[in-house]
Amino acid sequence: MLLCVCVMLLVAAELSFCLDEVSLDAKWKEWKISYGKKYEDVEEVYWRTIWEQNMRIIEIHNQEAEQGKHSYKLGMNHRGDMGTPDTEALSPLSGERKSFFVHISSEKNNKSDSLPKSVDYREDGIVTGVRSQGNCGSCWAFSAAGALEGQLARKTGQLLELSPQNLVDCVLDKGCDGGYMGLAYKYVTDNGGLNSEEDYPYKQKCRFKPSAVAAQCKGFKMIPKGDEDALAEALNDVGPLSVVLNVGDKTFDFYKTGIYYNPECDENQQSHAMLLVGYGETAKGEKYWIVKNSWGEHWGEKGYIRIARDCDNHCGIASQASYPLM
C-alpha cells in the first residue's frame, strides 16, 4: 500500500491513557535521570505537567499507529518538558542577499528515471556523526556544515567535522536566534574558509583561525522550489543537501521511528534546517527521504528521520534545498 495514496478506513476504537500515577512517578524519575533534568521544587510541578501532556500525546498516537492510522511512532526523549514545538526562525534576506541567491539557482536535469532506487551517503562514509545544537537556534549552521562536510569528503576523500560554532559566531550577530544556509556558504566564500570542529569547538566566541582553514566554498546552488525529482537528482549527483522543513507539530518533536507523514504538515511553514543524506523505498513501496537532524542521537532513529517522499513536497522538504560549491 503506497503512503499518501491509500487511506485505511478503520472503525475508531476508544483510546485511553493507560499509565497510572505510580507508573507516571516512576517514568518521570527515570526520565529526569536519563536526561540530567533538575528542577526547583516549585518549578517541578509545572514541568511535570507538560511532560505528562506529552506522554499522553505519545501514547495515544502510538495506539493509533497500532491500528494502522499512522506510518510512524513517537517516543519520549530529551524534549519531553517542552510545552510548544521548538521551531527556529530563519533570518529574512535583504535585497542584496536575495540577489546572491537568485543568481545561482540550480536547474533540473530531467533524468529522474535513471536514478538509483536508493541512496544513503552514511554508507559511503561522507556523513559525520549526529550532534546536538542544544538550546541554541543553530540548526542552519549544522545543516550548512553538514553539506560542506559532504562536499569536502567527496572532493578530498577525507571526512572531517566542520565547525557550526564558527558559523554561529561569525555569520550573524545573534546566530543562536536563527540563520540561513545561504548566508553561511557566502561567509565561507568571502572569509576564505571555515575551521574544523577540533579547532573551533561548539560554544565559543568568534575566534576564526585563518591558519586552520579546513574547508572552502565558492558559492552555492538552490534546487528548483518544490521539485522532489530535482531534489533526488541533485542528491544523487552532488551529495548531502541542506533542506528546511516544517517541524511545528508535536509529532515531530517526539518522532521515534517509521516514515513520517502528517497531513497537517504545511509545506509553506518551514522552520528548521536539516541535512538530506539519502532516500529509499520499503518493501511495500513506501518512498522516503533520509534526513539528519541536530537534536542528538536520543531523537528519532539515532538522530535521523525518514520523511515521506513524492508526497507533494511533504513538510516543504524541497522548498529551500541547497548545496555549496567547492
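Modeller: A word on terms to begin with: helices (H or I, at least four residues) and strands (E, at least two) are DSSP runs, numbered from the N terminus. This is a predicted model, in which local features need pLDDT of at least 70 and side-chain atom pairs count only at pLDDT 80 or more, while totals for chains, interfaces and linings use all residues. Residues are numbered from 1 along each chain as its sequence is written, and side-chain values use heavy atoms, with hydrogens and water left out.

Colleague: OK, what comes just after H7, at Gly-239?

Modeller: Gly-239, which directly follows H7, takes a positive phi of about 125°.

Colleague: And what caps the other end, the N-terminal one of H7?

Modeller: That is Asp-227, with a side-chain oxygen 3.0 Å from the backbone nitrogen of Asp-229.

Colleague: How many residues of H7 are buried?

Modeller: Eight of the eleven residues in H7 (228–238) are buried, where buried means under 20% relative accessible area, exposed over 50%, and partly exposed in between, using a 1.4 Å probe and protein chains only. Among the buried ones are Leu-231, Leu-235 and Val-238, and their cover includes helix H4 (139–156) and strand E6 (241–245).

Colleague: Then what about E6, is that strand enclosed or open?

Modeller: Five of the five residues of E6 are buried, so the strand is largely enclosed by the rest of the structure. Leu-241, Val-243 and Leu-245 lie on one side, with Ser-242 and Val-244 on the other.

Colleague: Which strand does E6 pair with over five bridges?

Modeller: E6 pairs with E8 in the antiparallel sense, and two strands pair if DSSP finds at least two bridges between them. Leu-241, for instance, has Leu-276 of E8 as its bridge partner.

Colleague: Changing topic, how do H1 and H2 pack?

Modeller: Helix H1 (residues 21–34) and helix H2 (residues 41–66) pack at about 105°, with axes 11 Å apart. They are therefore roughly perpendicular, a label given to angles of 65 to 115 degrees, whereas those under 35 count as roughly parallel, those over 145 as roughly antiparallel and the rest as oblique. Among the residues making the contact are Trp-28 and Lys-32 of H1 and Glu-44 and Trp-51 of H2; contact means heavy atoms within 4.5 Å.

Colleague: Is Lys-32 buried or exposed?

Modeller: Lys-32 has 17% relative accessibility, so this lysine counts as buried. The side chains of Lys-32 and Glu-44 are joined by a polar contact of 2.6 Å.

Colleague: What is a polar contact?

Modeller: The term covers a pair of N or O atoms within 3.5 Å; within protein, one must be able to donate a hydrogen and the other to accept it, and residues adjacent in sequence count only if both atoms are side-chain atoms.

Key: Axes fitted to C-alpha atoms, helices over the stretch in contact; angles between N-to-C directions.
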